[in-house]
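Please examine the sequence and the structure shown below.

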Number of protein chains: 2
Amino acid sequence: MIQLNQRDPRPIYEQVKENFKNLIFQGVIRPDEKMPSVRELAQKLSINPNTIQRAYRELEQEEMIYSIPGKGSFAASVHMIRDNEIRDLMHTFTQTTDRLLGIGVSKEELIRKIEERSKL
Amino acid sequence: MIQLNQRDPRPIYEQVKENFKNLIFQGVIRPDEKMPSVRELAQKLSINPNTIQRAYRELEQEEMIYSIPGKGSFAASVHMIRDNEIRDLMHTFTQTTDRLLGIGVSKEELIRKIEERSKL
DNA sequence: ATAAGTGTACTAATAAAGATAATACAGTTA
DNA sequence: TAACTGTATTATCTTTATTAGTACACTTAT
């Protein structure tokens, strides 16, 4: 299910994270489906359970999964994931907009840019 | 001119960078005015010239200053600095816009958000 | 009740990256 | 040509990041 690449310079927990992100986005792991337990997966990959736990913790912070102590970790719904992504993008959007407006760029110019990009 | 804070946890070159950014923004160092040489300033602050050089290199990458080998380093014009800031902000603006449009957010909603922010 | 499963928190050891220093090179100016 | 200037390269040291070890707390099924 999960595959680690020895030559990949990225830390193990990052590779684990990416693996699961792909599996969830592709629908291989369905919403609310149980993920492998930290110990089970750690043993399978011959690494420390704590490394898996870190991957899971960060995936939970990014709201890709949710964990229940004693029960397990489960994939979030794709709708939830999409909503979170939009929320984050909207946040940087407003932030960037504020700074641009503050520095003197007109709202008309920003709107023009949006019109331009939606035609691509 | 430059003041280092022993208690500041940030690296020295970061403190040097911030110091000069403030001086340039406040107009204490005028456009095209010569900055202290790497060795001169290093001696004054009792640190290695290479540390100053790193600060200058990064300031140059951010186009806050420009350096000429053999001659010295000089402050960029405030107009140039402002233009660069706008260019960078515009870049993240279009990037964020593209991703939002790609994920299904309508251009109308983005325009509405801009109208909203310009009323603050 | 208890055993075997689950996630989590804390600390320590190790690996990787970052910051600074030392030195040498190359261009400019007087 | 001597005294400046910025820059590149390498090495040392410090800090941070990553992983491992261990213990705790909760859930479920026996």
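This is a predicted model: local features need pLDDT of at least 70, side-chain atom pairs count only at pLDDT 80 or more; totals for chains, interfaces and linings use all residues.

Residues are numbered from 1 along each chain as its sequence is written, while chains are lettered from A and ligands numbered from 1 in the order in which they are written. Chain A holds five helices and two strands, and a rotation of 179° superposes chain B on chain A.

**Architecture of chain A**

- Read from the N terminus, the elements of chain A follow the order α-α-α-β-β-α-α; helices (H or I, at least four residues) and strands (E, at least two) are DSSP runs, numbered from the N terminus.
- Chain A is divided into domain 1 (12-76) and domain 2 (79-117), with bounds that come from an automatic or database domain assignment.
- The centres of domain 1 and domain 2 of chain A, taken over C-alpha atoms, are 32 Å apart.
- The C-alpha trace of chain A spans about 55 × 30 × 25 Å along its principal axes.
- Chain A has a radius of gyration of 19 Å, whereas a compact globule of 120 residues would have one near 14 Å; the radius is taken over C-alpha atoms, and the globule rule is 2.2 Å times the number of residues to the power 0.38.
- In chain A, 17% of the 120 residues count as buried. A residue is buried if 20 or more other C-beta atoms lie within 10 Å of its own, exposed if 12 or fewer, and partly exposed in between, with C-beta atoms placed from the backbone.
- Of the contacts in chain A between residues at least 6 apart in sequence, 46% join residues at least 24 apart; two residues are in contact if their C-beta atoms, placed from the backbone, lie within 7 Å.

**Pairing of chains A and B**

- The superposition of chain B on chain A has 0.1 Å of shift along the rotation axis and an RMSD of 0.2 Å. This is the relation of a two-fold axis.
- In chain B, the C-alpha nearest the axis belongs to B:Ile111, at 3.0 Å from it.
- Copies are superposed by least squares on the C-alpha atoms of residues with pLDDT of at least 70 in both.
- Ala, Val, Leu, Ile, Met, Phe, Trp, Tyr, Cys and Pro count as nonpolar, Asp, Glu, Lys and Arg as charged, and the others, Gly among them, as polar.
- The copies meet through the same surface, because 100% of the interface residues of chain B are also interface residues in chain A.

**Surfaces near the DNA strands**

- DNA strand C has 25 residues around it, and A:Ser37, B:Pro11, B:Ile12, B:Asn48 and B:Gly70 come nearest; a residue is near a strand if its C-beta atom, placed from the backbone, lies within 6 Å of it.
- H3(A) gives the most to the surface near DNA strand C, with four residues.
- The surface near DNA strand C comprises nine nonpolar, eleven polar and five charged residues.
- DNA strand D is surrounded by 24 residues, of which A:Pro11, A:Ile12, A:Asn48, A:Gly70 and B:Ser37 are the closest.
- H3(B) supplies the largest share of the surface near DNA strand D, four residues.
- The surface near DNA strand D comprises eight nonpolar, eleven polar and five charged residues.

**Individual residues**

- A:Asp32 lies in the loop between H1 and H2 of chain A and has a positive phi near 65°, although A:Asp32 is not glycine. A:Asp32 counts as exposed because 10 C-beta neighbours lie inside 10 Å.
- B:Ser46 lies in the loop between H2 and H3 of chain B and has a positive phi near 60° in a residue other than glycine. With 7 other C-beta atoms within 10 Å, B:Ser46 is exposed.
- B:Asn5 belongs to the segment before H1 of chain B and is exposed, with 9 other C-beta atoms within 10 Å. The C-alpha atoms of B:Asn5 and B:Gln15 are separated by 8.1 Å.
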